[in-house]
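Let's take a friendly walk through this model together. Have the sequence and the 3D view ready.

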Amino acid sequence: MARLSIEHLRKSYGDLTVVDDVAIDIADGEFLVLLGPSGCGKTTTLRMVAGFVPPSAGRITIGERDVTTLPPWKRNCGLVFQSYALFPHMTVAENVAFGLEMRKVAPADRAPRVAEALRLVQLTGFDGRYPRQLSGGQQQRVALARALAMEPDVLLLDEPLSNLDAKLRQEVRVEIRELQRKLGLTTIMVTHDQEEALTMADRLVVMEKGKVRQIGSQRELYERPADRFVAGFIGRSAFLDGESLAPGRFVSAGGLHIACAAATGQGGATLALRPERIAVGSDAAGLANRFEARVEHAAYLGALIDIHVRLSEQDQMLLQLPNRQGFAEPRPGDSITIGWAEDAGLVYALES
């Protein structure tokens, strides 16, 4: 276990910069998730920490050791690949022992470490099987056991659940989180799956185009996103472009005058509203902002119903309503009243 520090990390390939001045401090025993769309630089960042990709600039320290220029086998990081990278001709025990063998650990010492790693991932008794005889979830556990057998200072997870079906992903992510807490392992995980990140992380790092957009807890990123990108990437948001005319006043591109506590009079801006903060029908009575809207599309999602509405030729919004007993979802073309409180939205400068 160790504290991990990433200082002004940068990676360029010629004129293309894929990681740009990333700086993160990860506490001893913390579970940090790098989250962002494909191509945002999160996997490259993880591979630089692991030692597989040399940084163009910056510094990486694990505990008190500067590991920036050290090869992977001298960093004591355990890495679980997206594809698991198990050797098909080796048994489960041989796969788990492979890293120990490469580190010249004596056979007598390897056996108990392999047994303990398999016990931790609940695969005791599977040591003689081959990867082809295992389910996807079991293969993922073998890959995790191989990393744990190394007794790493830092555990690195590169989209470890992406090859599992949805139900199995839910089960395995709980198992990984519980195991990480039990062992107190400093862990970095890369994912593009919001739900996965929100349920597993102590803190999240949202990245886009090689840069860190925001670092914080789930609540901080959801309730106080730093910019429009984060507001749209973490959870869902309804956006209205327009102008922040004066403190407390916002006007949309379609001419809607909106009372908004976050408006500061900064000019061109975007108003962001979480769908669950928008009331419909009688629930909108008495709110500072009330408008008539036309339903364009409604999607039944079980516990929730998504409703896309148009307020004017230029203004559209997404609503998200709980599917309460007896609730009749509106149909395309229906007119409904929507509303929200003055303090419901956040305002961001328009992004170029």
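Which residues of α4 are buried? Before the answer, a word on the model: it is predicted, so local features need pLDDT of at least 70 and side-chain atom pairs count only at pLDDT 80 or more, while totals for chains, interfaces and linings use all residues. Residues are numbered from 1 along each chain as its sequence is written, and side-chain values use heavy atoms, with hydrogens and water left out.

In α4, the buried residues are G137, Q138, Q140, R141, V142, A143, L144, A145, R146, A147, L148 and A149. Buried means under 20% relative accessible area, exposed over 50%, and partly exposed in between, with a 1.4 Å probe and protein chains only. Because 12 of its 14 residues are buried, α4 is largely enclosed by the rest of the structure. Helices (H or I, at least four residues) and strands (E, at least two) are DSSP runs, numbered from the N terminus. The partners that the buried residues of α4 pack against include α2 (92–102), α3 (107–120) and α5 (166–183).

Now look at the largest nonpolar core, which has 47 residues; V96, L144, L157 and I176 have the most contacts inside it. Such a core is a set of buried Ala, Val, Leu, Ile, Met, Phe, Trp, Tyr and Cys residues joined through side-chain atoms within 4.5 Å. Helix α4 (residues 136–149) gives the most to this core, with 7 residues.

Finally, find Y300 in strand β15 (residues 289–300). Y300 counts as exposed because its relative accessibility is 53%.

Terms used:
Contact = heavy atoms within 4.5 Å.
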